[in-house]
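Welcome! Let us take a friendly walk through a protein model, one region at a time. Have a look at the sequence and the structure here before reading on.

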Amino acid sequence: MRTPGIFIFGMVLAPCGWILELVSTVAPGWRTINNIPGESIDLVLQQGLWDICKTFSSSRNIQCNQPDTQYFGAQIIQIARGLMLASLILNVIAFGVASAGVRCWRDTPQWTVAGVGGVLIFLSGVLTIIPVAWYTHIMTSIFSTSTDIRVGYCLVLGFIGGCMEVLGGLVMSIGLCRRCDGRKPRTDTRRVPVPSVISGSSVPYYSKRDEMDLTRAKMEQDRRPVNTTTKAQPYDSDL
């Protein structure tokens with residue numbers, strides 16, 4: 001049996017979303033600070049959940065591991081760390097559960113197990129969208145030495161990854177919803193016989209020798225004399 005399309009859709013989006021979430025979690029790019037007073041005009045400060053890096057637009061020099069106790073001490077940073085880590089771990093568990101339910105190497109999948117895996121993937125995406133949306137909303141209110149604050153690329157990657165997981169998990173959970181309704185999902189397990197010219201075929205196969213034998217037998221049958229004699233009918237004089 002072919003793997004249902006809803007499972008293929010979810011199993012493709014889940015790992016893609018996980019990769020984007022991983023980059024968003026570890027990379028220092030949740031927001032960028034420009035035009036910092038008392039610093040070089042080409043200095044750009046990139047702040048993430050775990051690290052802060054200094055970059056310069058006029059060169060490729062990058063200086064990471066910059067201390068900022070006020071930034072890392074903000075409540076949103078601590079909450080975002082926990083939610084992003086929980087999302088990554090939950091996504092790995094959900095992908096394992098969904099893989100066991102899909103069972104593309106078997107004839108029929110386990111719809112309930114795959115549906116539960118889809119729900120876990122959906123929750124993983126929600127855990128990512130919550131801190132990303134919250135951080136974006138209060139980004140300008142977090143402590144900063146400059147008012148020129150811009151959205152970093154990690155927020156974009158995190159939002160896309162979370163949406164991919166939410167969409168993939170929601171589609172995979174359709175199998176669970178159909179199971180809860182008491183209707184068995186339609187699975188076409190019929191095997192269509194393929195005609196074979198070697199053996200087991202419904203269409204007879206004749207070799208060239210068989211055709212010659214059939215032709216010879218038909219010719220011999222046509223050469224046989226046809227019995228046209230009829231029984232003599234008695235005349236009136238013989239009666």
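## Helices side by side

In helix 1, the residues Ile-6, Phe-7, Ala-14 and Glu-21 meet Trp-111, Ala-114, Ile-121, Ser-124, Gly-125 and Thr-128 of helix 4. Contact here means heavy atoms within 4.5 Å. By class, this contact has six nonpolar, three polar and one charged residues. Ala, Val, Leu, Ile, Met, Phe, Trp, Tyr, Cys and Pro count as nonpolar, Asp, Glu, Lys and Arg as charged, and the others, Gly among them, as polar.

Before going further, please note that this is a predicted model, in which local features need pLDDT of at least 70 and side-chain atom pairs count only at pLDDT 80 or more, while totals for chains, interfaces and linings use all residues. Residues are numbered from 1 along each chain as its sequence is written, and side-chain values use heavy atoms, with hydrogens and water left out.

How do the helices lie against each other? Helix 1 (residues 5-26) and helix 4 (residues 111-137) pack at an angle of about 30 degrees, with their axes 11 Å apart. That makes helix 1 roughly parallel to helix 4, a word used for angles under 35 degrees, while angles over 145 count as roughly antiparallel. The axes are lines fitted to C-alpha atoms, for helices over the stretch in contact, and the angles run from 0 to 180 degrees between N-to-C directions.

With helix 5 (residues 153-172), the axis of helix 1 comes within 7 Å and crosses at roughly 160 degrees. That makes helix 1 roughly antiparallel to helix 5. The residues of this contact divide into 17 nonpolar, seven polar and two charged.

## The whole chain

The protein chain has seven helices and five strands. Helices (H or I, at least four residues) and strands (E, at least two) are DSSP runs, numbered from the N terminus. From that end on, the elements run α-β-β-β-β-α-α-α-β-α-α-α. Of the 239 residues, 35% count as buried. Buried means under 20% relative accessible area, exposed over 50%, and partly exposed in between (1.4 Å probe, protein chains only).

| Residue | Relative accessible area | Class |
|---|---|---|
| Gln-66 | 18% | buried |
| Trp-50 | 41% | partly exposed |
| Asn-35 | 46% | partly exposed |
| Asn-65 | 65% | exposed |

Trp-50 is found in the loop between strand 2 (43-47) and strand 3 (52-56). Leaving aside neighbours within four places in sequence, Trp-50 is in contact with Thr-25, Val-26, Phe-72, Arg-81 and Leu-85. A polar atom of the Trp-50 side chain lies 3.3 Å from the backbone oxygen of Thr-25.

Gln-66 sits in the loop between strand 4 (62-63) and helix 2 (69-72). Beyond neighbours within four places in sequence, Gln-66 is in contact with Asp-51, Ile-52, Lys-54 and Phe-72.

Which residue lies 15 residues from Trp-50 in sequence and 8.9 Å away in space, C-alpha to C-alpha? That is Asn-65, which has its place in the loop between strand 4 and helix 2.

Now for a point about the backbone. Most residues other than glycine have a negative phi. Asn-65, although not a glycine, has a positive phi of about 60 degrees. Asn-35, in the loop between strand 1 (31-34) and strand 2, also has a positive phi, near 55 degrees.

Notes:
Angles under 35 degrees count as roughly parallel, over 145 as roughly antiparallel, 65 to 115 as roughly perpendicular and the rest as oblique. A polar contact is a pair of N or O atoms within 3.5 Å; within protein, one must be able to donate a hydrogen and the other to accept it, and residues adjacent in sequence count only if both atoms are side-chain atoms.
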